[in-house]
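Here is a brief report on selected helices and strands. Please read it alongside the model.

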Amino acid sequence: MFKIYVFKGGIYRHDEVIEEIEDLGGIILQKMPMQTEIDIVFALEEPDIEHLEKLTKKLRGEVIDIPFGDMEIAIVAPSLSRHHLPHPVCDLSEFLRRYGSTTNIIGLARGYGKTIFQISDKEKRIISEHDAAIFSYGMFEECILIKEKEVRDFTIPYVLCGGPSRIDGIRNYIGDIGRKPGRMKSSEDIKTLERVKNLLLEMVEKKREDISNDPLMLPPVYVKRALEDELGLEGTLGDNPIVLHLDGVRVKKPFNDLSIKVADSIIGGHRLGDIARITRSNMNDTIIVKMRTKSEMGVGA
Amino acid sequence: MKAYLDYAPMDVDGDRISDVTDSMPTQEMPFVLERKTTKSMLIKNRYEVVTDKGNFIIETTNNKFHDFFKENIEHFKDLKVQWADRNTVNFGYVPTRMEPTRKQYDYDKYSVLLGLSGYDKEMGVLTLSKMGHISRNGIEKSVFGKVTKGRHILDLLGTNDKIKDIREVEVRSEQYEYEVVTDDATIKENDNIITKTVIDVFEQCPFAVEHLLFLIRDGVLAIDKKNITYCRNDKLQGVSLPQESSLERKRGSISVRNAGKGKGSVFIYFRDAIEDKSHSVAGNIINGLELPMNLKPGQRFKIESKTERLNTLGLEQIEAEKITKRIGIGHERIGDTDDNAIIIEQDPEITMDAKKNKKIVTKGIDPNMVFKIRLFEDKAPNSTKYFKTITGLTTRQLGSLDVLVAHEDLDMIMFKGDQKMAGELAPENAPSNGSKKGRIGITNMASRQRGIIGVRFNDSEEYGPTGEDMYHTNCVGEVINFEKLRDIKEGDTIYLTFE
């Protein structure tokens with residue numbers, strides 16, 4: 001299964017790194033030259049990375065594993081008002097971006113108040129489009145216990161964050177976050193953010209294992225590159241029109257304009273519409289492509 | 001004793017490689033012995049569950065719940081879906097001996113577990129978890145497996161569905177060990193002696209196929225670099241190729257890189273790799289992938305293509321006729337049509353095009369107009385590479401040079417080069433003891449006239465074959481029959497082959 005890495009090194013002889021990645025069957029996702037330095041984001045199968053590192057060490061560069069590089073994660077706050085939003089939500093989002101994730105902050109419409117708290121069906125569908133979610137709740141155990149019931153429906157990996165250090169009887173809980181009056185930059189706070197990351201990583205690894213046991217028809221990184229070529233949607237530093245998911249991609253273009261072209265794209269000898277579910281996203285009318293598994297298609301089951 | 005030679009069974013008298021085949025492995029070109037270690041291995045604990053909505057696979061771990069499942073598998077074969085909610089699908093009922101509990105546990109997505117309906121021992125259920133959840137399932141930590149394939153079926157199952165069958169999946173995997181042999185080694189019963197690799201080529205990438213067939217024209221391929229995904233040969237690195245239709249690289253695929261520094265390198269893949277525009281897949285290995293997989297960089301192996309290369313450049317017209325007759329395609333001679341005339345042009349030149357066309361046209365010239373050369377590859381590697389690229393001898397048996405300067409009063413002849421390409425041609429193998437007649441010289445990057453190729457008809461202590469002083473000259477080889485070059489005029493093209 002593909003994993004996402006970033007090469008950080010000099011411009012000098014960086015073309016050799018690109019060629020080696022291509023030779024090993026990897027995919028270049030992004031190149032960011034900065035004067036004499038370059039960052040290359042790429043996808044490569046895990047066993048090959050050892051061989052590539054021999055070359056990058058010779059070139060005095062380094063390869064960094066970005067575990068959430070092929071994920072879109074939702075950071076959910078009860079509301080977007082100042083009562084709930086600053087600062088944990090932004091800190092969580094910023095912290096996960098360091099590990100390659102694309103994060104979307106979502107504020108619930110009816111998220112405030114213990115008794116009236118609810119996540120609407122549309123909000124649930126929006127959150128479920130993501131690969132994982134982090135719910136950032138408040139300071140009170142009783143309140144969190146009530147609000148936790150609403151998140152049990154989610155089938156995606158999720159982490160629940162809140163103020164109390166420990167709450168028994170709820171799944172995937174990390175405490176010591178809650179509402180914060182300032183940035184989470186003390187060593188204690190950073191350790192807490194690390195705990196959130198590690199718990200999420202543990203769950204995501206299980207999901208990756210599930211996917212490798214029942215492989216997708218085509219790897220999402222390959223679908224992303226093929227769609228970029230076919231539809232002329234190559235990204236820039238400021239805009240990434242095709243976002244990677246663990247089991248597909250999100251094409252950030254209007255559904256009515258492009259969904260038929262996406263479905264009719266021939267990738268790896270298959271029509272994409274035949275080997276993936278292509279649906280309208282609930283978020284900004286974008287296109288969601290979820291790859292079917294090989295067993296679902298009757299290939300190598 | 002029974003043994004195999006390149007997968008072909010044979011009865012052998014003796015236990016040495018020499019008793020099986022005449023050719024012998026060497027340190028440089030070893031053979032590989034393939035030996036089956038166990039007959040087969042049964043991978044257990046995998047079950048295929050057949051339901052009304054489709055099949056799915058569960059993989060189990062060994063614990064007491066798995067033992068119960070296995071012992072009572074006949075009971076489980078007739079179960080119906082009793083209820084299906086957002087968390088689970090439950091098949092019932094099976095009588096159990098499990099102690100009921102009211103404790104709640106955390107269950108992962110796709111877990112397979114046993115439960116009790118209504119905490120009743122007689123009402124055992126097989127539960128499949130559709131999502132991670134916490135519940136009271138009636139039995140303490142009763143997870144014994146996971147759904148690994150066909151998970152989409154879980155969402156389709158409803159209360160009218162039932163299990164039709166549960167089959168143990170037998171996955172038999174044969175284990176082999178490989179021994180690299182470099183001498184007349186002893187073989188055992190049923191050993192497979194792999195002496196060569198057999199390949200087939202694809203029509204989609206004709207230029208890459210031509211490149212590959214030229215590389216393996218001697219029937220040998222060397223491994224220059226190797227890792228777990230591929231091995232590569234860099235002998236033709238630097239040769240430009242057009243971008244052709246890119247295909248998926250499978251295990252055993254042979255691809256040619258068509259862009260970048262590594263263009264012209266040939267790769268053999270040991271694992272699947274996705275398609276890439278910079279790789280043209282020329283063919284795949286039918287037999288004998290074990291050779292490149294087990295050999296080390298620096299070693300070579302025999303390689304044989306099912307498709308013969310059809311390139312008659314440098315051959316006599318009569319030889320070309322014999323080849324075309326053998327293959328069964330038409331042949332037309334033009335130019336000098338004598339039997340002994342040397343072929344300088346073939347139309348179409350590419351093997352795959354020629355076979356598709358079912359006819360080739362060959363243009364011949366007088367054999368006296370073809371010059372035999374010898375190159376000093378060890379002493380002047382970069383100049384040799386430059387010379388081969390300019391003449392076309394990198395990928396053909398017959399090269400050509402266009403005359404730049406030739407005059408009857410001049411003691412030498414000069415040929416056109418490529419000034420841009422010669423920009424990186426550093427001084428090497430300078431004719432320090434004077435320039436000998438017949439030697440081929442190239443003006444190197446130290447001079448403004450870099451890239452020009454020349455041959456001197458008489459020895460000179462002062463100037464090299466291109467009229468430059470010795471420091472500006474790289475000596476790259478010699479023309480064997482150079483005296484005939486005196487008859488060549490400006491504007492002519494000469495043809496070269498290796499002696």
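## Helix H8 of chain B

Helix H8 (residues 381-391) of chain B has these buried residues: B:Ser383, B:Thr384, B:Tyr386, B:Phe387, B:Lys388 and B:Thr391. Buried means under 20% relative accessible area, exposed over 50%, partly exposed in between (1.4 Å probe, protein chains only). Helices (H or I, at least four residues) and strands (E, at least two) are DSSP runs, numbered from the N terminus.

Chain B strands that cover these residues include E27 (370-375), E28 (398-405) and E30 (439-443). Contact here means heavy atoms within 4.5 Å. Just after H8(B), B:Gly392 has a positive phi of about 90 degrees.

## Basis of the model

This is a predicted model: local features need pLDDT of at least 70, side-chain atom pairs count only at pLDDT 80 or more, and totals for chains, interfaces and linings use all residues. Residues are numbered from 1 along each chain as its sequence is written, chains are lettered from A and ligands numbered from 1 in the order in which they are written, and side-chain values use heavy atoms, with hydrogens and water left out.

## Strand E1 of chain A

In strand E1 (residues 2-10) of chain A, 7 of the 9 residues are buried, so the strand is largely enclosed by the rest of the structure.

E1(A) pairs with strand E3 (residues 37-45) of chain A in the antiparallel sense, over 9 bridges. Pairing requires at least two DSSP bridges between two strands. A:Tyr5 has A:Phe42 as its bridge partner in E3(A). E1(A) also runs antiparallel to strand E4 (residues 62-65) of chain A, joined by 4 bridges. There, A:Val6 is partnered by A:Ile64.
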